[in-house]
Amino acid sequence: MIRSVSRLRGVALALMSVLVLGACGQPDGNDSPAASVPGPALTPQELRADLLAQDEKFAALAESEGVAEAYRRFMAVDALQLPDGGLAIRGRDNIYEELLALTEGMDFRLTWEPADARVAESGELGFTWGIYYFEAVDE
């Protein structure tokens with residue numbers, strides 16, 4: 001069965017929207033939102049290095065354990081996904097279940113290579129950017 005290119009692109013876009021909007025934090029099993037976890041005061045350069053390191057850990061986990069599991073472990077409990085053309089999905093568990101349903105039966109691999117990270121001087125906002133590769137096997 002040949003999967004349509006549009007469905008494969010849709011899967012890649014949905015997965016990347018979670019990456020962008022998923023309120024990612026450190027995978028420590030703590031169910032509190034990442035935004036409310038106080039930490040020691042770090043410089044913007046230290047925060048940038050930490051954010052980039054966390055994104056690299058996410059990428060490695062996505063490759064070894066699968067994309068849905070990587071998102072589950074890194075997303076904050078109160079994460080929000082805004083799917084292209086769909087209703088918002090609220091909460092880590094709901095997003096995880098949606099990712100599992102979206103990718104069920106698909107043979108694909110999503111890899112991510114973070115290139116850089118930026119953090120606001122206040123330390124309250126940061127992002128990474130890089131290149132992702134989405135490979136799917138058509139039957």
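Phe-108 has Ala-136 of strand 4 as its bridge partner. The two strands concerned, strand 3 (residues 108-119) and strand 4 (residues 126-136), pair in the antiparallel sense over eleven bridges; pairing requires that DSSP find at least two bridges between two strands. Val-119 stands opposite Gly-126 in strand 4. Six residues separate strand 3 from strand 4 in this hairpin, and in the turn Gly-123 has a positive phi of about 80 degrees. In a regular strand, side chains alternate between the two faces of the sheet.

## Basis of the model

The model is predicted: local features need pLDDT of at least 70, side-chain atom pairs count only at pLDDT 80 or more, and totals for chains, interfaces and linings use all residues. Residues are numbered from 1 along each chain as its sequence is written, and side-chain values use heavy atoms, with hydrogens and water left out.

## Overall organisation

The protein contains four helices and four strands. Helices (H or I, at least four residues) and strands (E, at least two) are DSSP runs, numbered from the N terminus. Their order from the N terminus on is α-α-α-β-β-α-β-β.

Of the 139 residues of the protein, 33% are buried. Buried denotes under 20% relative accessible area, exposed over 50%, and partly exposed the range in between (1.4 Å probe, protein chains only). The protein exposes about 8700 Å², of which carbon and sulfur atoms supply 54%; accessible areas come from the Shrake-Rupley method with a 1.4 Å probe, and for residues only the protein chains shown count as cover. Among contacts (heavy atoms within 4.5 Å) with a separation of 6 or more, 64% are accounted for by residues 24 or more positions apart.

Helix 3 (residues 67-74) is largely enclosed by the rest of the structure, because six of its eight residues are buried. The buried residues are Val-67, Ala-68, Glu-69, Ala-70, Tyr-71 and Phe-74.

The largest nonpolar core comprises 15 residues, and those with the most contacts inside it are Phe-58, Val-67, Ala-70, Tyr-71, Met-75, Ile-95 and Leu-99. Helix 2 (44-65), helix 3 and helix 4 (92-103) each supply at least two residues of this core, and the largest share, five residues, comes from helix 3. Such a core is a set of buried Ala, Val, Leu, Ile, Met, Phe, Trp, Tyr and Cys residues joined through side-chain atoms within 4.5 Å. In soluble globular proteins, nonpolar side chains tend to be buried together.

## Packing of helix 2 against helix 3

Helix 2 and helix 3 pack at an angle of about 140 degrees, and their axes lie 7 Å apart. On the helix 2 side, the contact is made by Gln-54, Lys-57, Phe-58, Leu-61, Ala-62 and Glu-65, and on the helix 3 side by Val-67, Glu-69, Ala-70, Tyr-71, Arg-73 and Phe-74. Axes are lines fitted to C-alpha atoms, for helices over the stretch in contact, and angles run from 0 to 180 degrees between N-to-C directions.

Met-75 is found in the loop between helix 3 and strand 1 (80-81). With a relative accessible area of 3%, Met-75 is buried. Its C-alpha atom is separated by 9.3 Å from that of Asp-93, 18 residues apart along the chain.

Leu-80 lies in strand 1 and is partly exposed, with a relative accessible area of 28%. The C-alpha atoms of Leu-80 and Arg-92, twelve residues apart along the chain, are separated by 7.7 Å. Arg-90, in strand 2 (residues 89-90), is exposed, with a relative accessible area of 62%. Leaving aside neighbours within four places in sequence, Arg-90 is in contact with Ala-79 and Leu-80. The C-alpha atoms of Arg-90 and Leu-80, ten residues apart along the chain, are separated by 4.8 Å.
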